[in-house]
Amino acid sequence: MAGSVTTIGVLALQGAFREHIMSFEALGVSALAVRKPEQLDGCSGLVIPGGESTAIAKLMVTYGFYEPIRRRFADGMAVWGTCAGAILIAKDIVDGLPDQEPLALMDVAVRRNAYGRQIDSFEADLDFDDLDEPFRGVFIRAPWIESLGEGAVALATHDGHIVAAREERLLATTFHPELTGDPRVHRYFVESVVRSA
């Protein structure tokens, strides 16, 4: 399945990175736990996983990831943000902390903790564009995509809120596909997003 795709990197500073790696490997796609900025150079795509967006952002500052990710994206690398990762790739963070710097790659506004606290986590079946059957979304202290800029399109909604969107080489999901055992969104990232780069 991998074709011209070389390796998908998964930012491995905090959060559910192991599950993403296992999901790609189950598809026969090489995946790498990225802990140093120089590891990005061999990646055709990067996943910024769910976790705690403020903690991931602080670790990205500590390890010097902001500019290398922006540079590699500008050079053609695809990027997928899940949950906290969707917050970090957005141009605007609604209800973000004052010192929370987004990567500002994707022309979307994402509302942090939109559905409430951890106890408000839930699952729901989603109609996801380009998938033939509904996808079970796992929402954990989840954000939602509040607005789309020019060029960004919604791929899935829940209760009137956008929970997945795409803009060229960028994918954002506010739920956790890596926790379901269903590889279809990972396959979509590889076949549609990364290969469009």
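Gly-9 of strand E1 and Leu-46 of strand E3 are bridge partners, and the two strands pair in the parallel sense over three bridges. Strands (E, at least two residues) and helices (H or I, at least four) are DSSP runs numbered from the N terminus, and two strands pair if DSSP finds at least two bridges between them. This is a predicted model, in which local features need pLDDT of at least 70 and side-chain atom pairs count only at pLDDT 80 or more, while totals for chains, interfaces and linings use all residues. Residues are numbered from 1 along each chain as its sequence is written, and side-chain values use heavy atoms, with hydrogens and water left out.

- How many residues of E1 are buried? Five of the five are, so E1 is largely enclosed by the rest of the structure; buried means under 20% relative accessible area, exposed means over 50%, and partly exposed lies in between (1.4 Å probe, protein chains only).
- In a regular strand the side chains alternate between the two faces of the sheet.
- In E1, Thr-7, Gly-9 and Leu-11 are buried on one side, and Ile-8 and Val-10 are buried on the other.
- E3 (residues 45-48) is likewise covered on both faces, with Gly-45 and Val-47 buried on one side and Leu-46 and Ile-48 on the other.

- A nonpolar core is a set of buried Ala, Val, Leu, Ile, Met, Phe, Trp, Tyr and Cys residues joined through side-chain atoms within 4.5 Å.
- The largest one has 35 residues, of which Ile-8, Phe-24, Phe-128, Phe-139, Leu-171, Phe-175 and Phe-189 touch the most other members.
- H5 gives the most to this core, with five residues.
- Apart from it lies another core, of 34 residues, with Leu-11, Met-77, Val-108 and Ala-172 among them.
- Helix H5 (residues 184-193) is mostly covered, as seven of its ten residues are buried.
- Those buried residues are Arg-184, Val-185, His-186, Tyr-188, Phe-189, Val-190 and Val-193.
- Leaving aside neighbours within four places in sequence, Phe-189 is in contact (heavy atoms within 4.5 Å) with residues including Ile-8, Gly-45, Leu-46, Val-47, Ala-78 and Trp-80.

**Helix H2**

- Ser-53 belongs to helix H2 (residues 53-62) and is buried, with a relative accessible area of 3%.
- Not counting residues up to four places away in sequence, Ser-53 touches Ala-84, Ile-87, Leu-88, Gln-100 and Arg-112.
- Ala-57 is also placed in H2 and counts as buried at 7% relative accessibility.
- With residues up to four places away in sequence again left out, Ala-57 touches Tyr-66 and Leu-88.
- From C-alpha to C-alpha, Ala-57 and Glu-123 are 26 Å apart in space, and 66 residues separate them in sequence.

**Largest pocket**

- About 170 Å³ of space lies in the largest pocket.
- On a 1 Å grid over the protein atoms alone, a pocket is an open set of points where a 1.4 Å probe fits, with protein on both sides within 12 Å along at least five of seven lines; lining residues have an atom within 4 Å of a point.
- Grid points are joined across faces, edges and corners, and the volume is the space filled by probe spheres set on the points.
- Of the 15 lining residues, Gly-51, Glu-52, Cys-83, Ile-140 and Arg-141 are the closest to the centre of the largest pocket.
- The lining divides into seven nonpolar, five polar and three charged residues; Ala, Val, Leu, Ile, Met, Phe, Trp, Tyr, Cys and Pro count as nonpolar, Asp, Glu, Lys and Arg as charged, and the others, Gly among them, as polar.

**Loops**

- Most residues other than glycine have a negative phi.
- Asp-130 has a positive phi near 80 degrees; Asp-130 lies in the loop between E7 (122-126) and E8 (135-139) and is exposed, at 66% relative accessible area.
- Glu-168 has a positive phi of about 50 degrees; Glu-168 sits in the loop between E11 (161-167) and E12 (170-173) and is exposed, at 62%.
- Gly-96, in the loop between E5 (90-94) and E6 (106-111), counts as partly exposed at 30% relative accessibility.
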